[in-house]
Amino acid sequence: MQRAAILLAAGLGTRMRSAMPKAMHAVAGRPMLNHLIAACERVFDRIVVVTGPDMPALEKAAAPHATVVQRDRLGTGHAALQAAPALEGFEGDVAVLYADNPLITEETLRRLLLARASSDLALLAMRPADPGRYGRVVPHGDGGIAGVVEWKDATEEQRAIPLCNVGVICAAAPRLFGWLRALRNDNAAGEYYLTDVVAAARAEGFRAVAVEAAEAECRGINSRLELAEAEAAVQAALRRRAMEGGATLTRPESVTLSFDTQIGQDVTIGPDVVFAPGVTIEDGVEIRAFSHLEACTVRRGAVIGPFARLRPGTEVGPGAHVGNFVELKAAVLGEGAKANHLSYIGDATVGARTNIGAGTITCNYDGYAKHKTNIGEGVFIGSNATLVAPVALGDGAFVAAGSTITETVAPDAMAFGRARQEQKEGRAAAFRAARRKEK
């Protein structure tokens, strides 16, 4: 029997005070929606995402999964029902989840499905330290649950119940959509509540049960403050995973990781290092303080930073050095190559054991297109060299400091691309004397 998930993502960023859909706000470098999709892809055979009108970014983020639009925001039950046409004829179990609950794990989703297999309906619940204004899960005498009551509709006795609703529901598709179609909106908010299907199932004699999960996993994210709290929790988990995997973080709380950061063993990471998405760090690498890495690969034994920036498409070879205030973009730095300070290397390949002097830049953009610089092995490039792409430097070439290189440099050749120095004896003293007279 196949299983499907409906992800409710139509919420606006109202409490976020944002023009961006709420589900597109990122945690650890990935939109909330995509965190949830990643967990669901490991459990469900089909995924349908419910968006709001005019949310192309959400539709793009949901791809390749199906999307449907909730044009009128009439509540969570109404939103889930919009997925019915996309699942027409589907007979398996369907779980309804919320994109602003992005931290629910694969293991919890499997437990939810297992509970559904032994009952007619399963609901995800938690026991938060501060139940606050969460909906309460009302127990039933048979050990299951009788229903869910929203805080604004609850009595004082019901508000005292510690078990709170997460909102995630799972049932067989034909029954679930039947209950959704029968929902009423005679409540304080005038909305069609998804969780009212529990009472509807009970009214028809079906059994409903609750599956409890940790509060940290089930946290809803509706504001910038809650987003920051979720980010802190995820970062703590990512740092712990890195250290348990054999990396040293000298000041862990200052390191920012992304959801997909890959870090090998015996890696040392200094303070205030940022890993944007798409970074792979092999064994024995040292990342020094205040470096920023994005969509790049650093091979074994390389040293990065401090204050280095590795931009997308960069690969730093084994044992290579990238020093302070060096920026690499779409560049391959060969084994043992060095760019130790104050350089920009973009759209370039740099051969093994090549040395890039301080202040060297590749001029890769002419205002219309990007061009490549190819530097061979064992090349020496003196300080403040300017390499105007497209250009190539052969193996063993030597570029004198201060040169502007616009043509191919042959292997083992020495290139000078600068004006000849002239010296005029006594002119400095005469210049100063003239200035004094002018004053």
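Reader: Where is D54 found?

Author: D54 lies in the loop between strand 4 (46-51) and helix 2 (56-62), where helices (H or I, at least four residues) and strands (E, at least two) are DSSP runs numbered from the N terminus. Keep in mind that this is a predicted model, in which local features need pLDDT of at least 70, side-chain atom pairs count only at pLDDT 80 or more, and totals for chains, interfaces and linings use all residues. Residues are numbered from 1 along each chain as its sequence is written, and side-chain values use heavy atoms, with hydrogens and water left out.

Reader: OK, and what is phi of D54 near?

Author: Phi of D54 is near 60 degrees, which is a positive value in a residue other than glycine. Most residues other than glycine have a negative phi, and most peptide bonds are trans.

Reader: Is D54 buried or exposed?

Author: D54 is exposed, with a relative accessible area of 76%; buried means under 20% relative accessible area, exposed over 50%, and partly exposed in between, using a 1.4 Å probe and protein chains only.

Reader: Which loop holds D412, and what is its phi near?

Author: D412 sits in the loop between strand 34 (404-405) and strand 35 (414-415), and its phi, near 65 degrees, is a positive value in a residue other than glycine. D412 counts as exposed, at 64% relative accessibility.

Reader: Switching to peptide bonds, which residues does a cis bond join when omega is about 0 degrees?

Author: That cis peptide bond joins A389 and P390, and P390 has its place in the loop between strand 31 (386-388) and strand 32 (391-393). The peptide bond from G305 to P306 is cis as well, with omega near 5 degrees, and P306 is found in the loop between strand 20 (303-304) and strand 21 (309-310).

Reader: Now helix 9, what span should its residues have?

Author: Helix 9 (residues 224-244) has 21 residues, which at 1.5 Å a residue should span 30 Å, and its end C-alpha atoms are 30 Å apart, which agrees. The expected span here is 1.5 Å times one less than the number of residues.

Reader: Which residues in helix 9 are buried, and what do they pack against?

Author: In helix 9 the buried residues are L227, A230, V234, Q235, L238, R239 and A242. The buried residues of this helix pack against strand 2 (26-27), strand 12 (248-249) and strand 13 (262-263), with contact meaning heavy atoms within 4.5 Å. An α-helix has 3.6 residues a turn, so residues three or four places apart point the same way. Just after helix 9, G246 takes a positive phi of about 110 degrees.

Reader: Zooming out, how many helices and strands does the protein chain have?

Author: The protein chain has ten helices and 35 strands. Its radius of gyration is 30 Å, well over the 22 Å that the globule rule gives for 439 residues, so the chain is more spread out than a compact globule. That radius is taken over C-alpha atoms, and the rule is 2.2 Å times the number of residues to the power 0.38.

Reader: What box do the C-alpha atoms fill, and what share of the residues counts as buried?

Author: Taken along the principal axes, the C-alpha atoms of the protein chain fill a box of roughly 105 × 55 × 40 Å, and 48% of the 439 residues count as buried.
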